[in-house]
Amino acid sequence: MDLDPEDVFKDHEDDEDSEFFLLRDSTKEFVVYLIDASPKMFTATCPGADGENETHFHIAVTSVAQALKTHIINHTYNEVAICFFNTKEKRNSQDLSGVFVFDVAEREHLDRPTARLIKEFGCVEELFAKEIGSQYGIVSGSWENSLYNALWVAQALLRKGSTKTAEKRILLLTNEDDPFRNISGIAKADMIRTTLQRAKDAQDLGISIELIPFSRPDEEFKVSIFYADLIGLEGDDLIEYMPSAGQKLEDMKNQLRKRMFAKRIVKRIKFVITNGLSIDLHTYALIRPTAPGAITWLDSVTNRPLKAERSFICADTGALMQGPLKRYQPYKNEDVKFSEEELREIKRVSTGHLRLLGFKPLSCLKDYHNLKPSTFVFPSDKEVIGSTCAFVALHRAMIRNQRFALAFYGLSTNPRLVALVAQEEIISDGGQFEPPGMHMIFLPYSDDIRDIEQSQLTTKRPAHRATEDQIQKAAALMKRIYLKDFSVCQFSNPALQRHYAVLQALALDEDEMPEIHDETLPDEEGMSRPVVAKAIQEFRTSVYGEDYDEADDKPRESEASKKRKAAAEIVAQEYKNYDWEELADSGKLKDLTVVELKYYLAAQKLPLAGKKEVLISRILTHLGK
């Protein structure tokens, strides 16, 4: 499959004809949120974001609700289920007591989250007070074990799919570190044994169990009492678990709205070294820009996606064309016909393989040659045996000789020269920090690189050049506002965040749009520090001089802007000269001219296009007539 390098960084997940669509199941995640609904979750509190105390149950519900919202954006194909235990009412396929599976109509228990699920889940606390109810599921004198039942139900929900194609998780949220504290003796030992065995059975099936514990300010959650054995913690992992669990809860509550792309093979290509010798490579997109999803047209009645179909009709007979269309090119009074396959072959520059041209010193490769995100390549012996061995030999030689490989990437639509830069393995803290391999950098064409000074030159005056003092002041300013350990992942795209916030408000019928914090705005507090303010003032003085006044540099109002303002004033004045309600009620709007009708439309900021009848109808609709 030929693939344009631009397409490597686009979202292929929703294209059913794409190979990415076929691989999407391998990146799925099935999650069951197992929430403790015992009375202790409703009575225990801790300080909330606004300073007021919130119950642990409320924090658990709001965290899961936020996680559901981000699932829709971050992980499109993930499927979730919500299950409460320690409840009075029961609702589950196994008819086990103390377990309530929360769901909505037109949805399976384990399915992709929907707007209706999120809306109704937001009212689950009221539902508990009126219908579901809360109780302790493990009490003295009873052999009922609600935690055991909950793990059984969760395991049954996760029977869907295979662990080879999806990751399965149970996320347990509770503030009870010893669920069996109310019983003792043989009954307690037996319940602990059977519950741990149930958890082990689930883990043997490839289901991971994660704990989100809630601690009160005066009482810490002790994982070692029971849950350490349930999820398999010991040694240093047990000591470090509580801080990491608290961070995991914060991540659930404050997840950023962004698309998450799982690590996967983008494309398999053949690297031709010489005739008869080639290496099989897998390519990976390390980082790519995120854009809003593609627009999907829906039927206004059924709300189902529309599928566009195109048919060709013969101009002579009016019959529907059945066979494939053919193109033609006039040549010497004769029409030379081409089929679509022949045209594709004519346009094909090469077979799409990566062909080695030679090697160059790394000093020849400049930073500005990298115009778009690079692709990481790694060998594979799946189709060409010995690819890894040949790749390793080439990789070591390139690193030893400080060379990069120049190759031709023959795509059908946009063939390019690429540079293959070898990367050594980096190991940090006992683990691999950077893998060994090569980065494929798409090199620019000659007209992609332009001379900045040449573009600024004019016949009237030469290009401006900074003085040595200005350069020094600029360097000092940059040093003062330099961001340490900067990463693009630290800042979110405010336009995308607003886009997702608008979608959320529309889907959930929310009256107010979630507040979006623009992290790209300047840090006013940091910029006001004395050392930074001094560096800014010195740079400003060196460029503009001592007597510079910012008010003098304000852009002047253009002639077009003045004309628009004058026209708006005329419209506002003419609009007041008519009693529009009276004209509409008496049917005299038709007596007005088109220019007069547009006075109303312009004053109300309505569209001005259309014939006179359309304008009258638009006015009547706006007036509610």
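Me: A residue is called buried when its relative accessible area is under 20%, and exposed when that area is over 50%. The model is a predicted one. Why does Ser380 count as buried?

Reply: The relative accessibility of Ser380 is 9%. The cut-off for buried is under 20%, and Ser380, at 9%, therefore counts as buried.

Me: Where is Ser380 found, and with which residues is it in contact beyond its neighbours within four places in sequence?

Reply: Ser380 is in the loop between strand S13 and helix H11 (387-401). Once the neighbours within four places are left aside, Ser380 is in contact with Asp280, His282, Ser387 and Thr388. Asp280 is 100 residues away from Ser380 in sequence, yet the two C-alpha atoms are 5.6 Å apart in space.

Me: Is Asn333 buried or exposed, and how do you know?

Reply: Asn333 has a relative accessible area of 88%. The cut-off for exposed is over 50%, so Asn333, at 88%, is exposed. Asn333 belongs to the loop between strand S10 (327-330) and strand S11 (335-338).

Me: Is Asn86 buried or exposed, and how do you know?

Reply: Asn86 has a relative accessibility of 8%. Asn86 is placed in the loop between strand S4 (79-85) and strand S5 (99-102).

Me: What makes the phi values of Asn86 and Asn333 worth a remark?

Reply: Most residues other than glycine have a negative phi. Asn86, which is not glycine, has a positive phi near 70°. Asn333, also a residue other than glycine, has a positive phi near 60°.

Me: Which residues of H16 are buried, and how do you know how they are arranged around the helix?

Reply: Val532, Ala535 and Ser542 are buried in H16. Viewed along the axis of H16, the buried residues fall within an arc of 95°, and they therefore line one face of the helix. These buried residues pack against helix H13 (468-480) and helix H15 (524-527). On the face turned away from the buried side, H16 carries the exposed residues Pro530 and Lys534. After H16 comes Gly545, which has a positive phi near 95°.

Me: What makes helix H6 mostly covered, and how does its length compare with the expected one?

Reply: In H6 (residues 146-157), 10 of the 12 residues are buried. Among them are Leu147, Leu151, Val153 and Leu157. From first C-alpha to last, H6 reaches 16 Å, close to the 16 Å expected at 1.5 Å a residue.

Me: Why are strands S8 and S9 said to pair?

Reply: Two strands pair if at least two bridges are found between them. Strand S8 (residues 267-274) and strand S9 (residues 277-285) are joined by 7 bridges and run antiparallel; by the definition of at least two bridges, they therefore pair. Arg268 has His282 in S9 as its bridge partner. The hairpin of S8 and S9 has 2 residues between the strands, and Gly276 in this hairpin takes a positive phi near 95°.

Me: With which strands do S13 and S18 pair, and over how many bridges?

Reply: S13 (residues 375-379) and S9 run antiparallel and are joined by 5 bridges. Here Ala285 stands opposite Thr375 in S13. S13 also pairs with S18 in the antiparallel sense, over 3 bridges, and Val377 has Met438 in S18 as its bridge partner. Strand S15 (residues 416-423) pairs with S18 in the antiparallel sense over 6 bridges, with Ala419 opposite Ile441 in S18. S18 (residues 437-442) is mostly covered, with 6 of its 6 residues buried.

Me: What does UniProt place at residues 589-623, and what does the chain form there?

Reply: The unreviewed UniProt entry places the feature "domain: SAP" at residues 589-623. Over this stretch the chain is 63% helix and 0% strand, and the end C-alpha atoms are 12 Å apart.

Conventions:
Residues are numbered from 1 along each chain as its sequence is written. This is a predicted model: local features need pLDDT of at least 70, side-chain atom pairs count only at pLDDT 80 or more; totals for chains, interfaces and linings use all residues. Side-chain values use heavy atoms; hydrogens and water are left out. UniProt positions are given in the numbering used here, feature names are shortened, and annotations may be inferred rather than shown by experiment. Buried means under 20% relative accessible area, exposed over 50%, partly exposed in between (1.4 Å probe, protein chains only). The arc is that of the directions from the helix axis to the C-beta atoms. Contact means heavy atoms within 4.5 Å. The expected span of a helix is 1.5 Å times one less than its number of residues.
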